[in-house]
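Student: I have a structure to look at and would like to learn how to read it step by step. Could you guide me through its features?

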Amino acid sequence: DSTVGEIAARLPVSVRVFEKHGIDFCCGGKLSIAEACVKSGLDPAGLLDEVERAAAAPSENAVDWQSASLGSLIDQIVGVHHAYLKSQLPRMEAMLEKILSKHAERHGDVLLPVAATFGPLKEELDAHLMKEETILFPMVRGLEMARESGQAPQPTHCGSVRNPIRVMVMEHDSAGEALARLRALTSGYTPPEDA
């Protein structure tokens, strides 16, 4: 009955298993394991067995993000994941432009829709990271500091933290849909035979 997202949060090593099988654990994480397996044509018992084997393997730097402070989690998100996107999205954009200029004539049926999907995705992600770093994460830090000090949280221009979270979830879903489109357009990110 567990969802893909719940398992990914509880067992971070499961993320690699889900990625290997093309299962969206973030935006599509609301699906049960059974639903995700039906959608991907996988055996749920086999997938869960693979997750259990990954979880049983020793890991030297495993952090329990379920019990970590919100500030630590935010630092991890910004320092690792946001930093990665900020360095790789412009690189991917430049590579896509280069490939388009050289190969659009032969592979325009794939490359043009890929570019039409990637451009808006990059713009949305750039704005999303900025909103998390300047609106949501400072609000969350303020709430955590207020709780730790026993004081009432400071009012914010957004009202409840639920408001920016709702926006972030919608943007995560939109990005997940764009990534699914990219995967479908490229037949699972498979290069053409003449690549």
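This is a predicted model: local features need pLDDT of at least 70, side-chain atom pairs count only at pLDDT 80 or more; totals for chains, interfaces and linings use all residues.

Student: What box do the C-alpha atoms fill along the principal axes?

Tutor: Taken along those axes, the C-alpha atoms of the protein fill a box of roughly 65 × 40 × 30 Å, while the accessible surface comes to about 12600 Å², with 59% of it belonging to carbon and sulfur atoms.

Student: How much of the protein is buried?

Tutor: A residue is called buried when its relative accessible area is under 20%, and such residues make up 27% of the 195 residues here.

Student: Which residues form the largest nonpolar core?

Tutor: A nonpolar core joins buried residues through side-chain atoms within 4.5 Å, and the largest one here has 12 residues, including Val 4, Phe 18, Ile 23, Ile 33, Ala 36 and Val 51. Helix H1 (4-10), helix H2 (14-20), helix H3 (33-40) and helix H4 (44-56) each supply at least two residues of this core. Apart from this core lies another, of 11 residues, among them Leu 100, Val 114, Leu 125 and Ala 178.

Student: What is Val 4 in contact with, leaving aside its neighbours within four places in sequence?

Tutor: Among its contacts are Phe 18, Ile 23, Asp 24, Gly 29, Ile 33 and Ala 36.

Definitions and conventions
Residues are numbered from 1 along each chain as its sequence is written. Side-chain values use heavy atoms; hydrogens and water are left out. Buried means under 20% relative accessible area, exposed over 50%, partly exposed in between (1.4 Å probe, protein chains only). Accessible areas come from the Shrake-Rupley method with a 1.4 Å probe; for residues, only the protein chains shown count as cover. Helices (H or I, at least four residues) and strands (E, at least two) are DSSP runs, numbered from the N terminus. Contact means heavy atoms within 4.5 Å.
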